[in-house]
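Student: I would like to go through this model term by term. Please set each value against its definition.

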Amino acid sequence: MATFLHFAPALALAVAMGPRLVSRRLMLAGAFCAVLPDADFASVAFGFDSYSGTYGHRGFTHSLGFALLLGVLGAMASGPTGRQRLTAAVFIALCTASHPLLDGLMDRGICNAWAWPLDGARHCLAWRPVPTAGVNLFGWDRLAREALWLGVPLLLLAHAGMTLRQLGPRWWRTSPRWRRAKAANRQAPRTLAPPVFAADLEHGHLAQTVAAARASGGWAGSINTERTRRRTAMRAVGAAWVRKAVV
Ligand SMILES: [Zn+2]
């Protein structure tokens, strides 16, 4: 096990992917999933399997199959849109897979059952550069080595992600303007009132609905919020039309 830094890839990935894709909640879930594989110690402690068995230490929980499984669960527990689900699946799967990767880079310890459930056999990485053999598992020396070999590359990854993100599509960037709008949204009372939509739906005019939503002024003027309002209004009006046509 990388003793100290299993949570760190989740933070680095969250910074690299940016707050518009990875919320604080998702980041914490990723950090939890990045540490979770070492819970397999319990199966050894309770005698379910031997230390080096498929369900022992660095067994099925240290596999790509387990990472995919948690990714799917993460998608199911995430927000309603396709983008949110896809992001959660990719992020959680990457965080979980980072655990066996970090373990695999250490030059001590048994190898991982990477290919579970297809194959329970253990496979070592060809490159295991982190020098931890003979070092106290919870000592300062170990922490220093992990910081150098794992912490520094993760910091570089986070920084590279932040830089690249600013060159990406506009919806992905986190400009000062976006940060201000987000802060304003957080402070403003949320009065995107259903009664406004209900009243407007009776007239069935999209323009009216949008105007009413704007006039309600509950959320401060973020472009994103405005777009969300318009989309919600369009969906509601569309649903009303469909209902009228069917009934
Ligand atoms: Zn481990």
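Student: What share of contacts in the protein chain between residues at least 6 apart in sequence join residues at least 24 apart?

Tutor: The share is 62%. Two residues are in contact if their C-beta atoms, placed from the backbone, lie within 7 Å. One caution: this is a predicted model, where local features need pLDDT of at least 70, side-chain atom pairs count only at pLDDT 80 or more, and totals for chains, interfaces and linings use all residues. Residues are numbered from 1 along each chain as its sequence is written.

Student: How many helices and strands does the protein chain have?

Tutor: Ten helices and zero strands. Both are DSSP runs, numbered from the N terminus: helices are H or I with at least four residues, strands are E with at least two. The pattern along the sequence is α-α-α-α-α-α-α-α-α-α.

Student: Why is H1 called roughly parallel to H6?

Tutor: Helix H1 (residues 8-17) and helix H6 (residues 140-165) pack at an angle of about 15°, with axes 7 Å apart. Angles under 35 degrees count as roughly parallel, over 145 as roughly antiparallel, 65 to 115 as roughly perpendicular and the rest as oblique. So H1 is roughly parallel to H6. Axes are lines fitted to C-alpha atoms, for helices over the stretch in contact, and angles run from 0 to 180 degrees between N-to-C directions.

Student: Why is H1 called roughly antiparallel to H2?

Tutor: The axes of H1 and H2 cross at roughly 150° and come within 7 Å. Therefore H1 is roughly antiparallel to H2.

Student: What makes the contact of H1 with H2, by class?

Tutor: Pro 9, Ala 10, Leu 11, Leu 13 and Ala 14 of H1 meet Met 27, Gly 30, Ala 31 and Ala 34 of H2. They divide into eight nonpolar, one polar and no charged. Ala, Val, Leu, Ile, Met, Phe, Trp, Tyr, Cys and Pro count as nonpolar, Asp, Glu, Lys and Arg as charged, and the others, Gly among them, as polar.

Student: What is the relation of H2 to H5, and why?

Tutor: The axes of helix H2 (residues 24-35) and helix H5 (residues 82-105) come within 7 Å and cross at roughly 30°. That makes H2 roughly parallel to H5. H2 passes H5 in a right-handed crossing. The contact includes Gly 30 and Ala 34 of H2 and Phe 91 and His 99 of H5. By class, its residues are eight nonpolar, four polar and no charged.

Student: How do you know that the span of H4 agrees with its number of residues?

Tutor: The expected span is 1.5 Å times one less than the number of residues. Helix H4 (residues 64-77) has 14 residues, so it should span 20 Å, and its end C-alpha atoms are 20 Å apart. Its buried residues are Phe 66, Ala 67, Leu 70, Gly 71, Gly 74 and Ala 75. H2 and H5 are among what covers them.

Student: Why does Arg 58 count as buried?

Tutor: A residue is buried if 20 or more other C-beta atoms lie within 10 Å of its own, exposed if 12 or fewer, and partly exposed in between; C-beta atoms are placed from the backbone. Arg 58 has 24 such neighbours inside 10 Å, so it counts as buried. Arg 58 also has a positive phi of about 60°, although it is not a glycine.

Conventions: Left-handed = near helix turned anticlockwise from the far one by under 90°.
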